[in-house]
Amino acid sequence: MDLMKMAFSALLTCALVMTGCGDDDSSMEDGGTADSATDAPASEPLAGCEDGTCAFLMSNLTIPNTAMPTMVAGYDIDGMNSMAASTSCDDVEDFSNGARVGIDNGFASFATSVGAVFDLNTPLAEAFTNGDLVLIFELTGVDGATDSDVTVDVFVLDAGATGGNYDAGQEIAITGSAVASFSAALADGKLTGEASSLAININVMGSDIALTIQDAQFEADVSASGFANATLGGALNVDALVTTICAIDNEQINGLCGDDGGQVRQFLSNAADLTPNGDGTVCADLSIGLPLTAVPATRAGS
Ligand SMILES: [Ca+2]
Ligand SMILES: [Ca+2]
Ligand SMILES: [Ca+2]
């Protein structure tokens with residue numbers, strides 16, 4: 001995962017360098033065409049975020065299923081794209097999505113295994129219907145549709161804050177501190193960012209659970225109508241996830257847990273694909289990639 005960080009900082013540095021020296025570096029130009037991004041003194045405004053700050057309310061979040069592997073969302077978290085027979089638990093690169101290859105999404109494998117017994121998307125869908133999962137992305141420091149320095153603060157509000165309705169432009173009182181802050185960049189409206197961790201406390205089927213995504217990555221096409229092609233991804237620790245899932249007060253889930261996590265641990269360990277031990281037989285972490293949608297929201301009082 002250090003590789004990922006290096007790649008991201010290299011990308012960010014590149015963006016900064018290109019902005020700073022676009023006029024001098026003729027090799028970067030596409031035959032001197034007038035519409036080259038580096039020719040522009042400033043980028044176009046970002047629609048819906050003209051005053052530099054804007055908020056978006058997550059309106060749906062989906063756990064992908066590996067039954068459609070070419071549709072699996074996520075990121076190449078370990079920098080590997082090996083399609084060879086596995087020699088280590090992290091040597092699993094089953095997924096591609098368009099031009100993106102080497103996608104790591106062990107959680108999709110887990111969701112597929114456990115899905116035969118329990119469909120994880122059912123409580124998620126209910127959480128949105130009931131307004132139990134209220135997550136806001138607030139962008140600040142937006143100078144235009146292309147901007148190498150943007151901050152995305154993530155707020156998780158108390159359940160019921162929206163009443164379960166997700167009307168575009170809905171006014172929402174954003175309270176409390178951000179649970180995560182992404183260092184982000186915009187390129188023609190495509191937002192990409194990363195945060196060291198993203199801790200989400202949500203109520204699932206009447207139980208408060210905590211989920212922490214490490215080395216979180218995020219991307220979305222941002223427009224006045226919200227987020228499109230948005231994906232949140234990163235890594236989950238298997239031990240922490242066993243504790244989280246088995247703390248849910250649900251008979252079906254509890255039946256899968258048993259001693260030391262039982263079948264839940266077994267499913268998670270089978271799907272774990274990051275941080276292998278010495279001989280590659282056990283991976284401690286699990287990659288995750290979640291497609292999501294978001295609609296514009298208005299901070300109450302702004
Ligand atoms: Ca990979
Ligand atoms: Ca892998
Ligand atoms: Ca900026």
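Residues 24 or more positions apart supply 69% of the protein chain's contacts at a separation of 6 or more; two residues are in contact if their C-beta atoms, placed from the backbone, lie within 7 Å. The model is predicted: local features need pLDDT of at least 70, side-chain atom pairs count only at pLDDT 80 or more, and totals for chains, interfaces and linings use all residues. Residues are numbered from 1 along each chain as its sequence is written, with chains lettered from A and ligands numbered from 1 in the order in which they are written.

Mean pLDDT (the predictor's confidence in each residue, from 0 to 100) is 81 for the protein chain, and 82% of its residues reach 70 or more. Confidence is lowest in helix α1 (residues 2-21), with a mean of 40. Over residues 1-41, pLDDT stays under 50.

The protein chain has 6 helices and 12 strands. These are DSSP runs, numbered from the N terminus (helices: H or I, at least four residues; strands: E, at least two). Strands β4 (residues 134-140) and β5 (residues 147-157) pair in the antiparallel sense over 7 bridges; pairing requires at least two DSSP bridges. Valine 134 stands opposite leucine 157 in β5. β5 also pairs with β7, antiparallel, over 6 bridges.

Helix α6 (residues 262-271) has Val264, Arg265, Phe267, Leu268 and Ala271 buried. They lie on the same side of α6, because they cover an arc of only 160 degrees around the axis, taken from the directions from the helix axis to the C-beta atoms. A residue is buried if 20 or more other C-beta atoms lie within 10 Å of its own.

Terms used: A residue is buried if 20 or more other C-beta atoms lie within 10 Å of its own, exposed if 12 or fewer, and partly exposed in between; C-beta atoms are placed from the backbone.
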